[in-house]
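The following exercises concern a single protein model. Study the sequence and the structure, then work through each solution in order.

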Amino acid sequence: MNIHLKFYFLAILLVIPAAIVSAQTIPLNVTYICNGEHIYITYCASEADTARCTIAHPDKLYNGGVTFTYDTKANLRKLLSTCVQPTAAEIAREAAYEKRVKDQQDAAQKKTLAGMASAQSFAPPPSTQLEREQAEIRECIEAGREPTTCMGETMSKSLQGMMAEVNPAMAKTMANVHPPGLYLTGVYKGGNFTANFGQDGVSVSCRDLVTDGHTYTVQMNGNRAVVNIQVQPQPITLTFRPDGTLLGPATIDLKGNIVVGHSTQWKINSSNNVPYAESTPILRATTQRCELGGLKGSTSGPQTTVTTAMDLLDPGSAKVIPSGLRVNGQYLGVGGFAIKFHTDAAVVRCGAATVAHDYRMVQQDNQLLLELKDAAHPIVFAYRSDGTLAGSGPIQVNGRKIVGTKDNGDMIFAPQSATCSMGVLSANPAR
C-alpha cells in the first residue's frame, strides 16, 4: 500500500462508525482502551481473518516487561469495536512516523546506490590490521558494551590470527566459532539429575556417575524450543517452558562411569627432582536410573567466552549471564538493520547507530519471543520455526558516537540515532 492510499484509509477510519471500522485494516502501534485496560497491536501476520496478531498489554508487567498475548484478526476486530478508539491525533502521528521511516529508508537506499556507482573510482586504500582492530573496539564501545570486553574480544581475534600462522589446528580450536541459532546456558537441576549447558556442549551428572560431557542441539518443533542431549543408551529430549524450566521424562537410564578405587603412581618433579604421588581414579562402566521431571535453571557464573578474553585486562569484571536460551550469530534485515548476538548482549544496528541490549528468550503460548531490554520500551521479535526473527513496525536506535576525550582520558560521546523498519531478519552464515 503506498503512502497516499494509507492516508486515505486513515481519513476514512476517523469518520466511520466503529462497526464499519472493524472490517478495515487494524492500525498498529496505537492505543485502545478495552474495559479500562490499555492495549496496542504490534504485529499481524496478514490481512486474513485467521491471521495471528500480537497484542501488547502495557498495564500488565511480566518479569519487568510488557505482557504479550495473541489472537486472530477476526477476534481482534470484534474486541476493538467495543473499545475506546485511538485519537485522530495518535493515528496521524503514527502514520507520519511510518512515512518518515519510509522516506529515510528511500533516501538511504538512493545514497547507497549512488555510492556504489562511483565506488571504484573513489575507493579508499585498504585499512591496516591495526586500523581495523581500533575501529572494531571503537564501534563496540559506542554500542555501550564494556571497554574491557571490547578490547578482550579484539585481542582474542588478533591472537587467533597469529596462532594460525604457527599452529592452524590450535587456532581453529581457539576461534570458538558457532553456527547461528539457539543454545542454552546455565545449570539445570531436577531430581538427582544435573545438566550444565554452554555453547560448546553440556556436562551431565546423575547419582554417583562421574560428570561427563556430551553434545546437544536446540531445535524448533513448530514454534517451541526443544533440547536434545546426545547421551547413551537413549538421547534425552527436553522442552523449554514458559516459566523457563526444561520439561523432560520422569526417569531415564543413563550410561556412564563410577569411581571404584584409585591407583597411585610416584613421579619425579622435573624442576627440583622431588618425588610426588599422583592418584588416578579407577572407573567402571555402568548404567543408572536418573530422575528428571522439570529441570530448573540457575546461572553458572561468568561465561567462559567472556571471561577468557577479559581476564587479560580486568580479571573479575566478567558479566554473569542468566540461565536460559541464548542466540548466536548475526541476523540481517533490510535498510541497514541488523542484530549481532554476543555472549553478553545483543547489539542492534540501524545504519551508523548501534546500541547493546540485554535480552532474554521467552516461550509464550505457542510462540518463542526474543525480548530486547530497551529503556524506553521493550523490543520484541518472534523467533520462528525457520530460524528467522520477525518484528513489526519502525524502530529507533538511539546510539552514541565517540567525539573526543577528556583530560583524564574519559571518552566524550555525542548522540547518534537512526530509524529502521524491523521486518524479518535472517541469519548470516558468514562469521
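**Exercise 1.** Determine which residues phenylalanine 337 is in contact with beyond its neighbours within four places in sequence.

*Solution.* The model is a predicted one. Setting those neighbours aside, phenylalanine 337 is in contact with Leu332, Val348, Arg349, Cys350, Phe381, Ile395, Cys420, Ser421, Met422 and Leu425. Next, consider the core: the largest nonpolar core has 53 residues, and Phe193, Phe197, Ile229, Phe337 and Phe381 touch the most other members. Strand β5 (residues 181-190) gives this core its largest share, four residues. Finally, Ile26, Val30, Cys53 and Ile55 are among the 13 residues of a second, separate core.

**Exercise 2.** Identify the buried residues of helix α3 and explain why they line one face of the helix.

*Solution.* Step one: helix α3 spans residues 73-80, and its buried residues are Lys73, Leu76, Arg77 and Leu80. Step two: viewed down the axis of α3, the buried residues fall within an arc of 100°, so they line one face of the helix. Step three: the general principle is that an α-helix has 3.6 residues a turn, so residues three or four places apart point the same way.

**Exercise 3.** Classify valine 259 as buried, partly exposed or exposed.

*Solution.* First, locate the residue: valine 259 lies in strand β13 (residues 251-268). Second, apply the cut-offs: buried means under 20% relative accessible area and exposed means over 50%. Valine 259 has 42% relative accessibility and therefore counts as partly exposed. Third, consider its surroundings: Val210, Val259 and Leu283 make a nonpolar surface patch of about 220 Å².

Terms used
Residues are numbered from 1 along each chain as its sequence is written. This is a predicted model: local features need pLDDT of at least 70, side-chain atom pairs count only at pLDDT 80 or more; totals for chains, interfaces and linings use all residues. Side-chain values use heavy atoms; hydrogens and water are left out. Buried means under 20% relative accessible area, exposed over 50%, partly exposed in between (1.4 Å probe, protein chains only). Helices (H or I, at least four residues) and strands (E, at least two) are DSSP runs, numbered from the N terminus. The arc is that of the directions from the helix axis to the C-beta atoms. Patches are made of residues with over 30% relative accessible area and no salt bridge: like charges are joined within 9 Å, nonpolar side chains (Val, Leu, Ile, Met, Phe, Trp, Tyr) within 5 Å. Accessible areas come from the Shrake-Rupley method with a 1.4 Å probe; for residues, only the protein chains shown count as cover. A salt bridge is a side-chain nitrogen of Lys or Arg within 4 Å of a carboxyl oxygen of Asp or Glu. A nonpolar core is a set of buried Ala, Val, Leu, Ile, Met, Phe, Trp, Tyr and Cys residues joined through side-chain atoms within 4.5 Å. Contact means heavy atoms within 4.5 Å.
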